[in-house]
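Subject: Structure handover

Hello,

Here is the structure I promised you. Please open it next to this email and follow along.

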Amino acid sequence: MEGRNLLRYTFLLFFTLLLLLFTLSNLPSLPSNKAALLDCAAYSPWCTSKNRIQSKKPDSLRNPTRRRRHSADVPRHPLDPLTVTELNKVQSVIKKHDLFKNTAYALHSVVLEEPEKKVVLGWKKGDALPPRKAAVVARAGGASHVLTVDLGSGEVTRLENRQTSGYPTMTLEEMTSVTWAPLASADFNRTVVERGVDLADLACLPISTGWFGKSEEKRRLIKVQCYSTKDTANFYMRPIEGLTVLVDLDTKQVVEITDQGKNIPIPNAANTDYRFSAQNSYQRLLNPISIEQPKGPSFTIEDDHLVKWANWEFHLKPDPRAGVVVSRVRAVDPGTGEMRDVMYKGLTSELFVPYMDPTDAWYFKTYMDAGEYGFGLQAMPLDPLNDCPRNAYYMDGVFAAGDGTPYVRSDMICVFESYSGDIGWRHSESPITGMEIREVRPKVTLVVRMAASVANYDYIVDWEFQTDGLIRIKVGLSGILMVKGTPYTNMDQINTQETLYGTLLSENVIGVIHDHYITFYLDMEIDGSDNSFVKVNLEREYTSPGESPRMSYLKAVREVAKTEKDAQIKLKLYDPSEFHVINPAKKTRVGNPVGYKVVPGGTAASLIDVNDPPQKRGAFTNNQIWVTPYNDTEQWAGGLFVYQSHGEDTLQEWSNRDREIENKDIVVWYTLGFHHIPCQEDFPIMPTVSSSFDLKPVNFFERNPILKIPPNFENDLPICKADSASA
């Protein structure tokens, strides 16, 4: 018997070593051809791999735009992102610096260190660019460092060793390599096989740990959980429930293996594959639809990043952490022709996604997708005709890998005009007046879109510009649920007292309840930097006896926020307010201060206890609106270093300083929230659900800014002949 066990163990050890050899031979490695480094379409595993089954984009990727080679790019605007040439220079400077010469290091962020705001505001096209600098976040010698590299002199001009809790955003290389770490453990391999999964069918994901106490301090940790890919591409629906591996993120050593799910089966693969090619049949519910623009789109992109459309102009660039950054947003006043400032910078600051399951394999799933994984790093190439319509313009992201080598995230952002039959304004006169009037104007908008696939979830972020001066920021959620394995196959088997922490979606599959919070940074610039935040409260007033047949009415009461705490806003349906950002020094013809207002849409508020460790880290969701004085170090709502942070460097902490904000350069923060109780319609992939909020002019213009736009006439529009089969 002992001899048989020894033989079995020897065979298992041999199989494991063989698998590791195969693994190492197939790990993404740097191509020898340096040009290939610059294009993820040519070498996508290194650029995009998050887990071991993510494969190359097909060579036949449809792209209506010419594939750009970025090696010759040069900056033309003070806010332009770092170019390939500049990233190569940063890499060279870092390699030669004493801090990095004789030790292993990784660059977790390399982006433009933007010039001071007053310098950018004073710059005009044709002026010399301000000195170009790179902001670098690096890990070396077990410490995190923040550096400034002067690209003109080639010198490091700032070096800080950050002592706060938390670590930088993970690199893509770390996310990839850590998923392989468990395979070095014979105990892990044996456990997987005992759970009925072939090691060749294994897919693993890196899951951030959050922070829950002192046992997690002094080292970077990550948890790895795995799935079976057998018979489906949708491995998320086949979890090896309860199996969690704790890994040291620096050494890639396994720290602990726990398996709390030995009696939970792996869910079946049947009906989980969502790919079109995997469907036995398909439904053609609609005839094809497309917007045609025979004269081409109405927008232009100048110097690669300056977008001009209708009455709007703004700078647009990709960012590895925020995804999309819009800057220097300005609108043309139709009355004067003047180009007027609206917003200096807008971006996605942080995402907080807590799952509502306190059990051992789930309690730590409280993701900060921007600060831990990089929202822009997870942006995937957009799919022409499906993600974006015809005549869309595609913009690539140029980022730095962990060793500083530049690479291209192709087709990361698209810009397009949208018309869905909406109406800009209209009025028809009633026949009783004797006037035959019917005036209608169509609404066409400009959309800037990015889609990030953060493991299972897909986020679609739209910045939508309207000709009436409104900016709509919309977030769509799609992708695949993170599910929990269960022994149950039907609700009849479940004791009414038992907590599932979610919904039984299919046999042996529970969709766990969770929230999504997306916090936006909005550096408003209403006709200049010195603005004020005004809360306009709607209050019920009562009439005096005999004054009117009416008993009550509403009136608007304006409160100017003096300090930050005055502008910490929790939205209340039965205590309504408007939220204005005004320039008190500039007034309209009739004396109203010019401004914009934040118009909330459908949203959600966090119900987690404020003292719960995840909520301490996600304290920026304690309010839906915040206003802070501008500070160039306060851009990320969860702090600069989010990974395993304790929550001492968040928007909540900054705002609690209660600094003055009246007639100051101010930043508005808005959090869009979703509660998600999964349902069977979310299986195996979720239809998109969306919510949004608006930035809307309020006394910014003297009158309706689109009064003079013409209606559509038949001769203005292309005639598209219907197919004979559908005529």
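Which cysteine forms a disulfide with Cys 388, and how many Å apart are their sulfur atoms? The partner is Cys 414, and the sulfur atoms lie 2.2 Å apart. Please keep in mind that this is a predicted model.

**Disulfides**

A disulfide is a covalent bond between the sulfur atoms of two cysteines. The structure holds two of them.

Take the pair from the opening question. The torsion about the S-S bond of Cys 388 and Cys 414 is -90°, and the link is left-handed. This pair links distant parts of the chain, 26 residues apart. Cys 388 is in the loop between α8 (369–373) and β15 (393–400), while Cys 414 is in strand β16 (residues 406–418). Both Cys 388 and Cys 414 are buried.

The other disulfide joins Cys 204 and Cys 226, with 2.1 Å between the sulfur atoms. Its S-S torsion is about 100°, so this disulfide is right-handed. Here, too, distant parts of the chain are linked: Cys 204 belongs to strand β5 (residues 202–208) and Cys 226 to strand β6 (residues 221–228), 22 residues apart. Buried means under 20% relative accessible area. Cys 204 has 2%, so Cys 204 is buried. Cys 226 has 3%, so Cys 226 is buried as well.

For Cys 679, the relative accessibility is 31%, and this cysteine counts as partly exposed.

Now go to strand β13, residues 339–354. Of its 16 residues, 15 are buried, so the strand is largely enclosed by the rest of the structure.

Which strands pair with β13? Start with strand β12 (residues 323–332), which pairs with β13 in the antiparallel sense over seven bridges. Val 332 has Met 339 in β13 as its bridge partner. The two strands form a hairpin with six residues between them. In the turn, Gly 337 has a positive phi of about 80°.

Strand β25 (residues 514–524) also runs antiparallel to β13, and eight bridges join the two. Look for Leu 347, whose bridge partner in β25 is Tyr 521.

Then there is strand β14 (residues 366–368), antiparallel to β13 with three bridges. Pro 354 stands opposite Thr 366 in β14.

**Aromatic rings**

The whole structure has 24 aromatic pairs. One of them is Tyr 355 with Trp 362. That pair is tilted: the ring centres are 5.8 Å apart, with 55° between the planes. Tyr 355 has 5% relative accessibility and counts as buried. Trp 362 is buried too, at 1%.

A further pair is Phe 399 with Tyr 407, which is edge-to-face. Their centres are 6.3 Å apart, and the planes make an angle of 80°. Phe 399 and Tyr 407 are both buried.

Tyr 355 and Trp 362 also belong to one aromatic cluster with Tyr 367 and Tyr 373. What sits over the ring of Trp 362? It is the charged end of Lys 365, 3.5 Å from the ring centre.

**Salt bridges**

Side chains of opposite charge can pair when their charged atoms come close. A search of the whole structure finds 39 salt bridges.

One of them joins Arg 158 and Glu 113, with the closest N and O atoms 3.4 Å apart. Arg 158 lies in strand β4 (residues 155–161), and Glu 113 in the loop between β1 (105–112) and α5 (117–122), so the pair ties together parts that are 45 residues apart in sequence. Arg 158 is partly exposed at 29%. Glu 113 is partly exposed at 23%.

Another joins Asp 523 and Lys 117, with 2.8 Å between the closest N and O atoms. Is Asp 523 buried or exposed? Asp 523 counts as buried, with 0% relative accessibility. Lys 117 is buried at 6%. The charged end of Lys 117 also sits over the ring of Tyr 630, 3.9 Å from the ring centre.

Glu 634 and Arg 657 meet in a salt bridge of 3.0 Å, N to O. Salt bridges that share partners join Arg 76, Lys 125, Glu 302, Asp 303, Asp 304 and Lys 308 into one network.

Best wishes

Key:
Residues are numbered from 1 along each chain as its sequence is written. This is a predicted model: local features need pLDDT of at least 70, side-chain atom pairs count only at pLDDT 80 or more; totals for chains, interfaces and linings use all residues. Side-chain values use heavy atoms; hydrogens and water are left out. Buried means under 20% relative accessible area, exposed over 50%, partly exposed in between (1.4 Å probe, protein chains only). Helices (H or I, at least four residues) and strands (E, at least two) are DSSP runs, numbered from the N terminus. Two strands pair if DSSP finds at least two bridges between them. Rings of Phe, Tyr and Trp (its six-membered ring) pair if their centres lie within 6.5 Å; planes under 30 degrees apart count as stacked, over 60 as edge-to-face and the rest as tilted. A charge sits over a ring if NZ of Lys or CZ of Arg is within 6 Å of the ring centre and within 35 degrees of the ring normal. A salt bridge is a side-chain nitrogen of Lys or Arg within 4 Å of a carboxyl oxygen of Asp or Glu. A disulfide is a pair of cysteine sulfur atoms within 2.5 Å.
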